[in-house]
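Visitor: Please show me the structure. Then I have some questions about it.

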Amino acid sequence: MLTTKSDPGAYETLAKSLEGRQISKTEAMELLFCQDYQAVLSTARSIREKTKSGPITYSRKIFINVINLCRDSCSYCTYKKEPMDDLVSMMRPEEVLEIAKAGKILKCTEALFVTGERPEQKYPQARSWLHSLGHSTTIEYIREMSENILQKTGLLPHTNAGSLTKKEMSLLRDTNVSLGVMLESSSERLTQSGMPHEMAPSKNPKVRIKTLENAGELRIPTTTGLLIGIGEEPQDIIDSLFLIKDINQRYGHIQEVIIQNFAPKPGTRMSSNTPPDNSFFLVIVSVARIVLGEMNIQVPPNLNPYSFGKYLEAGINDWGGISPLTIDHVNPEFSWPSISSLKDVTQARGYSLRARLPVYPEYLSDDKFISEGLRPYIDPICDDHGLVPEDYLV
Ligand code: SF4
C-alpha cells in the first residue's frame, strides 16, 4: 500500500501510473517534490518489474576517441581539447583498429566512436588530419572506420558525434547498429548568455530535436538522455522527459534514455557549480521511469562510483557501456566499475546481469531498424533473447 498521506494527489498519480495510465506534466512535477519519495521509488520499481522483467543489462564496449577537437564550447566540458594540448586525440586507422582488436580479445561487442562537434569547421589541424586520411568530414572518416572494424573484428559500431544531419546519419546507418545524441535539456534558456550552452550551437534543443526526429525518420535505434544539474529548472526536466517520450511515440526508435548527473570538473567555467543533490537525483530517475514507462533507462555507474546500486531501486534497467579496456574519455576522472563488481552490485539487489549489444533486443527482430548488411555481424553474438550469449563471454 502506498503511503503518501501528506500528499494525496501524489498517491493518486502513483496509483494511476501503476495502472499503466499516462500521467500529466503537472502530476509528474508533483512527484518530483512528493514528501514520501520512497513511494515514488517503489512505484518506479514496480513499473520496471512490470515492463522490464528481464535482467539488468550493460554493453561491453571499447571507447574510440576519434578526435577531441570541437567547434562548440560547453561550460562543463573537459573532453574538448585544443590542438596543442597534450591530450589531443586524432586517431589514425591503425590506432583505431588496434583498440578494436584488443577489445575483441576481451569479448567486447560495441565499438563506441566519439568525436567533438564538427571539428573540421573550426580547426585547420582537423581539416589537415582528415585530408591526410582522404576525407573532408569527421563523419566520412567514422563511416570508413566503422566498416573497417565491422569487417576486421565484428565489433558493432555505435557513434556519438553530436548533432547530425539526415544525410550524415544516412551515411552511418549501414555500418552503425545505433547512434547516440544526448538531448541534455529541452530548455532554450541554457543557450542564453552566461548559461552552459551559450557557445554550443549544436546543443540548442531545436537542433537536437531535429537530429532525434531525423534518426526516427531513418529508423535508426537511438540513445538519448538528460544531463541533470546544468542550470535547468525542475519543470525543464519534466518537459524534456515528455519530449523524449513524444518523439519515441512518433517514431519508436529511442532505444535508451540516459539520466546523467552533472559532475563539476576543475578548469571548467562550471567547476564550482553544485552537482545535483543525490536524493533529488534519485527521485528524478524514478520519475523518469514513471513517465517513460517501458522505455530503457540507464544511469552511468561510473559517475556514481560509491553508490550506483541504488539506481536499481529507482527503476533503471541498464548500466550503459562499460569497458574492460578503455577509459571514459568524456569523464576520465571517473573509472568504470569492473564488470565483476557491476555483477556483484546488481546481484546483491536481487537482479541478474547480462551483456547486451549496442542495439537493444527489441529492435533486432524488426528489419526496419536493422540494415541488412549488419545481420551477419549481429547474429553470431546474439542469443534468442537478443543478448550476448553467456558462453561467448567465458
Ligand atoms: S559539444 Fe560535446 S565535446 Fe563539444 S564542448 Fe560541448 S560537451 Fe564538449
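Guide: His-253 has 23 C-beta neighbours inside 10 Å, so this residue counts as buried (20 or more other C-beta atoms, placed from the backbone, within 10 Å; exposed is 12 or fewer, partly exposed in between). The model is predicted: local features need pLDDT of at least 70, side-chain atom pairs count only at pLDDT 80 or more, and totals for chains, interfaces and linings use all residues. Residues are numbered from 1 along each chain as its sequence is written.

Visitor: Where is the place of His-253?
Guide: Helices (H or I, at least four residues) and strands (E, at least two) are DSSP runs, numbered from the N terminus. His-253 has its place between two such runs, in the loop between helix H9 (234–251) and strand E6 (254–261).

Visitor: Which residues does His-253 touch, not counting residues up to four places away in sequence?
Guide: Contact means that two C-beta atoms, placed from the backbone, lie within 7 Å. Lys-101 is 30 Å away from His-253, C-alpha to C-alpha, and 152 residues apart in sequence. The residues that His-253 touches are Ala-215, Gly-216, Arg-219, Ile-220, Pro-221, Thr-222 and Phe-369.

Visitor: Is Arg-118 buried or exposed?
Guide: Arg-118 is found in the loop between E2 and helix H5 (124–132). Its phi is positive, about 35°, although Arg-118 is not a glycine. With 22 C-beta neighbours inside 10 Å, Arg-118 counts as buried.

Visitor: What phi does Lys-107 have?
Guide: Lys-107 lies in the loop between helix H4 (93–105) and strand E2 (110–115). Lys-107 counts as partly exposed because it has 15 C-beta neighbours inside 10 Å. Lys-107 is not a glycine, yet its phi is positive, at about 65°.

Visitor: Which residues is Thr-78 in contact with, leaving aside its neighbours within four places in sequence?
Guide: Thr-78 has its place in the loop between strand E1 (56–67) and H4. With 18 C-beta neighbours inside 10 Å, Thr-78 counts as partly exposed. Its contacts are Lys-265, Gly-267 and Thr-268.

Visitor: How do the residues of the shell around the ligand divide?
Guide: The surrounding residues are Cys-70, Asp-72, Ser-73, Cys-74, Cys-77, Tyr-79, Lys-80, Gly-116, Glu-117, Gly-162, Ala-200 and Ser-202. Ala, Val, Leu, Ile, Met, Phe, Trp, Tyr, Cys and Pro count as nonpolar, Asp, Glu, Lys and Arg as charged, and the others, Gly among them, as polar. The shell divides into five nonpolar, four polar and three charged.

Visitor: At what angle do helix H1 and helix H2 pack?
Guide: Axes are lines fitted to C-alpha atoms, for helices over the stretch in contact, and angles run from 0 to 180 degrees between N-to-C directions. For H1 (residues 8–18) and H2 (residues 25–32), the axes are 9 Å apart and the angle is about 115°.

Visitor: Which residues make the contact of H1 with H2?
Guide: They divide into two nonpolar, two polar and two charged. H1 gives Gly-9, Ala-10 and Thr-13, and H2 gives Glu-27, Glu-30 and Leu-31.

How values were computed. A residue is near a molecule or strand if its C-beta atom, placed from the backbone, lies within 6 Å of it.
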